[in-house]
Amino acid sequence: MLIRYKKTFEKIAMGLLSFMPNEKDLKKLQQTMKEYESEENLQLFLWKAGEDIIGLMGVLMNDDSAKIQHISVNPSHRQQGIGKSMVKALHELFPDKKIIANENTESFLSKCDITIHTEKGSE
C-alpha cells in the first residue's frame, strides 16, 4: 500500500533513497531528503507491505502532472512487481495527472503498464 512519508520514517526513506544511483553520497542524500521535507510540490511516498516499508517514490507534483523523480525498492524485494505496483497506485491516487518520468526513472517506468510520458514528450 502506498502511504505518504512522515518524519518518523526518515531513516528508512534515506536507506531506500540511497539505492538510487545519484543518491550514494551522504551529503547529497541529506540534501534530497531536506528538499522533500521542505518543498511543497515535492512529495515522498512509501510502499508498505505488512509492517515493512520496502519501497519509496519521490514525486514532483504539478497542476496536470506527477513527475517521478525517484523510485526505489529494497533489493531483497525486487523482481516482484513492487515498483510497478507503486506507479499504478500513484496513478490511481491522482487519476487526472499525467505520470512523467525524468532521466533517472525513465528506463524503469517505460516497463510499467500505464502510459508514461517523458520530459521530452510521450512514449
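## Exposed and buried

A residue counts as exposed when its relative accessible area is over 50%, and as buried when that area is under 20%. Keep those cut-offs in mind for this predicted model.

Take Gln-79. Its relative accessible area is 83%, so Gln-79 is exposed. Gln-79 belongs to the loop between S4 and H3. Its backbone has a feature to note: Gln-79 is not a glycine, yet its phi is positive, at about 65°. Gln-79 and Phe-94 are 15 residues apart along the chain. Their C-alpha atoms are separated by 25 Å.

## The aromatic pair

How many aromatic pairs does a search of the whole structure find? It finds 1. A pair of aromatic rings is described by the distance of the centres and the angle of the planes. Here the rings belong to Phe-45 and Phe-94, and their centres are 6.3 Å apart. The planes meet at 70°, so the pair is edge-to-face.

The pair links distant parts of the chain. Phe-45 is in strand S2 (residues 42-49). Phe-94 is in the loop between helix H3 (82-93) and strand S5 (98-101). The two are 49 residues apart. Both Phe-45 and Phe-94 are buried.

Arg-78 lies over the face of Phe-19, at 5.4 Å from the ring centre.

## Two nonpolar cores

The largest nonpolar core has 21 residues. Which of them touch the most other members? They are Leu-2, Met-57, Val-59, Ile-68, Met-86 and Leu-90. Five elements are listed as giving two or more residues to this core: S2, strand S3 (52-61), S4, H3 and S5. H3 gives the most, with 5 residues.

Leaving out residues up to four places away in sequence, Leu-90 touches Leu-2, Phe-45, Met-57, Val-59, Ala-66, Ile-68 and Ile-99. A second core is separate and has 17 residues. Among them are Phe-9, Leu-16, Ile-53 and Leu-60.

Ser-65 is in strand S4 (residues 65-73). Is Ser-65 buried or exposed? Its relative accessible area is 5%, so Ser-65 is buried. Setting aside neighbours within four places in sequence, Ser-65 is in contact with Leu-60, Lys-97, Lys-98 and Ile-100.

Now turn to Pro-95. This residue is in the loop between H3 and S5. Its relative accessible area is 55%, so Pro-95 is exposed. Pro-95 and Ser-65 are 30 residues apart in sequence. In space they are 9.8 Å apart, C-alpha to C-alpha.

## Ile-82 in helix H3

Ile-82 lies in helix H3. With a relative accessible area of 10%, Ile-82 is buried. Ile-82 touches Trp-47, Ile-54, Val-73 and His-77, not counting residues up to four places away in sequence.

Compare its place with that of Gly-15. Ile-82 and Gly-15 are 67 residues apart in sequence. Their C-alpha atoms are 17 Å apart in space.

## The largest pocket

The largest pocket has a volume of about 460 Å³. Its lining is made of 19 residues. Which of these are the closest to its centre? They are Val-73, Arg-78, Gln-79, Gly-83 and Phe-108. The elements that give two or more residues to the lining are S4, H3 and helix H4 (106-109).

Phe-108 touches Ile-71, Gly-83, Lys-84 and Val-87, not counting residues up to four places away in sequence. Phe-108 and Lys-84 are 24 residues apart along the chain, and their C-alpha atoms are separated by 8.8 Å.

How values were computed. Residues are numbered from 1 along each chain as its sequence is written. This is a predicted model: local features need pLDDT of at least 70, side-chain atom pairs count only at pLDDT 80 or more; totals for chains, interfaces and linings use all residues. Side-chain values use heavy atoms; hydrogens and water are left out. Helices (H or I, at least four residues) and strands (E, at least two) are DSSP runs, numbered from the N terminus. Buried means under 20% relative accessible area, exposed over 50%, partly exposed in between (1.4 Å probe, protein chains only). Contact means heavy atoms within 4.5 Å. Rings of Phe, Tyr and Trp (its six-membered ring) pair if their centres lie within 6.5 Å; planes under 30 degrees apart count as stacked, over 60 as edge-to-face and the rest as tilted. A charge sits over a ring if NZ of Lys or CZ of Arg is within 6 Å of the ring centre and within 35 degrees of the ring normal. A nonpolar core is a set of buried Ala, Val, Leu, Ile, Met, Phe, Trp, Tyr and Cys residues joined through side-chain atoms within 4.5 Å. On a 1 Å grid over the protein atoms alone, a cavity is a set of points where a 1.4 Å probe fits but cannot get out, and a pocket is an open set with protein on both sides within 12 Å along at least five of seven lines; lining residues have an atom within 4 Å of a point. Grid points are joined across faces, edges and corners, and a volume is the space filled by probe spheres set on the points.
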